[in-house]
Amino acid sequence: MLNGGVPRVPQTDTDALREAFDLAARSTSAAEARHRALAWLLRHSVAQDPAEAAVLIISELVTNAVLHSGSTVIGCTLRLDSGLLQIEVTDQGASQREPAIREPAADDVSGRGLLLVSTLSKAWGVTPARPSGRTVWATVLMSD
């Protein structure tokens with residue numbers, strides 16, 4: 001699934017700056033992903049607005065993977081190249097339900113994560129992961 005029509009940053013691009021890490025799927029994983037992503041973005045002098053968007057996006061994607069995928073390990077990748085930041089969160093995909101934007105009721109306390117991802121990113125989507133699972137990705141522009 002591709003939303004927004006923007007292609008992903010190629011995985012074979014050797015000029016891209018890249019950070020990848022795995023997290024155990026637990027309630028503290030989103031916070032750990034936020035801290036690791038922010039530290040990496042600051043080391044590479046990413047501006048405040050795209051860094052804040054990226055941190056919120058990775059937090060939402062990791063939270064969804066923890067809550068809905070049945071995974072024990074979640075992989076996170078950040079790739080910075082040509083004015084784009086690619087965020088990928090890969091789960092083991094035990095859930096049969098494909099990630100999708102929901103329309104929660106006004107009094108619902110959850111269900112807005114992918115709506116936030118869609119709003120903050122240039123594009124987002126879901127691709128199959130190998131050997132199993134799925135990768136939910138989002139692309140953030142580094143400047144307007």
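A nonpolar core is a set of buried Ala, Val, Leu, Ile, Met, Phe, Trp, Tyr and Cys residues joined through side-chain atoms within 4.5 Å, where buried means under 20% relative accessible area with a 1.4 Å probe, protein chains only. The model here is predicted, so local features need pLDDT of at least 70 and side-chain atom pairs pLDDT 80 or more, while totals for chains, interfaces and linings use all residues. Residues are numbered from 1 along each chain, and side-chain values use heavy atoms, leaving out hydrogens and water.

The chain has 3 helices and 6 strands, which are DSSP runs (H or I, at least four residues, for helices; E, at least two, for strands) numbered from the N terminus. Along the sequence they go β-β-α-α-β-β-α-β-β.

Now for the core. Its largest version holds 32 residues, and Ile58, Leu85 and Ile87 touch the most other members.

H2 gives the most, with 9 residues.

How do H1 and H2 sit together? Their axes (lines fitted to C-alpha atoms over the stretch in contact, with angles from 0 to 180 degrees between N-to-C directions) come within 8 Å and cross at roughly 150°. The two helices are therefore roughly antiparallel, a label for angles over 145 degrees. Contact (heavy atoms within 4.5 Å) involves, among others, Ala33 and Leu41 of H1 and Ala54 and Ile58 of H2.

Technical notes:
Buried means under 20% relative accessible area, exposed over 50%, partly exposed in between (1.4 Å probe, protein chains only). Angles under 35 degrees count as roughly parallel, over 145 as roughly antiparallel, 65 to 115 as roughly perpendicular and the rest as oblique.
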